[in-house]
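This briefing goes through a single protein chain topic by topic, with the sequence and the structure to hand. Please read each group of points alongside the display below.

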Amino acid sequence: MNKSQMIKAVAEKSELSQKQVAETWNLIESTILENLSKGEKVQLSGFGTFEVRERAERKGRNPKTGEVVSVPACKYLAFVSAKAVKENLN
């Protein structure tokens with residue numbers, strides 16, 4: 001399911017138009033991104049937690065040449081699902 005399909009499904013289940021759902025979704029998305037960029041966790045009760053984690057610099061290998069290369073440190077988005085979500089999936 002992509003974003004437009006999600007918006008359409010929510011609009012069908014609610015009394016809102018697709019435009020209203022899209023605007024709301026964009027506000028939620030931007031709020032989550034703002035908080036993550038500040039280094040804060042975003043916890044959605046019953047769904048899960050989004051947080052930014054850091055990977056340390058490490059050594060990797062170029063698969064073509066076999067040469068050892070340095071992979072720089074970076075930040076990445078991690079998601080830990082809530083217990084209820086895990087139980088629902090299994």
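Predicted model: local features only at pLDDT ≥ 70, side-chain atom pairs only at ≥ 80, totals over all residues.

A residue is called buried when its relative accessible area is under 20% and exposed when that value is over 50%, with partly exposed used for what falls in between.

**Salt bridges**

- The count of salt bridges comes to three.
- Lysine 3 forms one of them with glutamate 29, and the closest N and O atoms of this pair are 3.7 Å apart. The pair links distant parts of the chain, since lysine 3 belongs to helix H1 (residues 3-13) and glutamate 29 to helix H2, 26 residues apart.
- Lysine 3 has a relative accessible area of 37% and is therefore partly exposed, and glutamate 29, at 34% relative accessibility, also counts as partly exposed.
- Glutamate 51 forms a salt bridge with lysine 41, where the closest N and O atoms lie 3.9 Å apart. This pair, too, links distant parts of the chain, with glutamate 51 in strand E2 (residues 48-55) and lysine 41 in the loop between H2 and strand E1 (42-44), 10 residues apart.
- Is lysine 41 buried or exposed? Lysine 41 counts as exposed because its relative accessibility is 58%, which is to be read against the cut-off of over 50%.
- Glutamate 51, by contrast, counts as buried because its relative accessibility is 17%, and the cut-off that applies here is under 20%.
- The side chain of glutamate 51 also meets that of arginine 53 in a salt bridge, with an N to O distance of 3.0 Å. Arginine 53 is partly exposed, its relative accessible area being 32%.

**The largest pocket**

- The volume of the largest pocket is about 260 Å³.
- Which residues line the largest pocket? The lining is made up of Met6, Trp25, Ile28, Glu29, Ile32, Leu33, Leu36, Leu44, Phe47, Phe50 and Leu77.
- By residue class, this lining divides into 10 nonpolar residues, no polar residues and one charged residue.
- Helix H2 (residues 18-37) gives the most to the lining of the largest pocket, contributing six residues.
- Glu29, one of the lining residues, is also the partner of lysine 3 in the salt bridge described above.
- Isoleucine 32, another residue of the lining, lies in helix H2 and is buried, with a relative accessible area of 19%.

**Nonpolar surface patch**

- Met1, Met6, Val10 and Trp25 make a nonpolar surface patch of about 390 Å².
- Valine 10 is placed in helix H1 and counts as partly exposed, at 36% relative accessibility.

**Separations in sequence and in space**

- Isoleucine 32 and glutamine 43 are separated by 11 residues in sequence, and their C-alpha atoms are 9.6 Å apart in space.
- Alanine 56 is found in the loop between E2 and strand E3 (58-61), and this residue is exposed, with a relative accessible area of 57%.
- From alanine 56 to valine 71 the separation is 15 residues in sequence and 8.7 Å in space, taken from C-alpha to C-alpha.

Terms used
Residues numbered from 1 in each chain as written. Heavy atoms only, no water. 1 Å grid on protein atoms, 1.4 Å probe; cavity = no way out; pocket = protein on both sides within 12 Å on 5 of 7 lines; lining within 4 Å. Points joined across faces, edges and corners; volume = space filled by probe spheres on them. Helix = DSSP H or I, 4+ residues; strand = E, 2+ residues; numbered from the N terminus. Nonpolar A, V, L, I, M, F, W, Y, C, P; charged D, E, K, R; others polar. Salt bridge = Lys/Arg side-chain N within 4 Å of Asp/Glu carboxyl O. Buried < 20%, exposed > 50% of the residue type's maximum accessible area, 1.4 Å probe, protein only. Patch = residues over 30% accessible without salt bridge, like charges linked within 9 Å, V, L, I, M, F, W, Y side chains within 5 Å. Areas by Shrake-Rupley, 256 points an atom, 1.4 Å probe, with all protein chains shown as cover.
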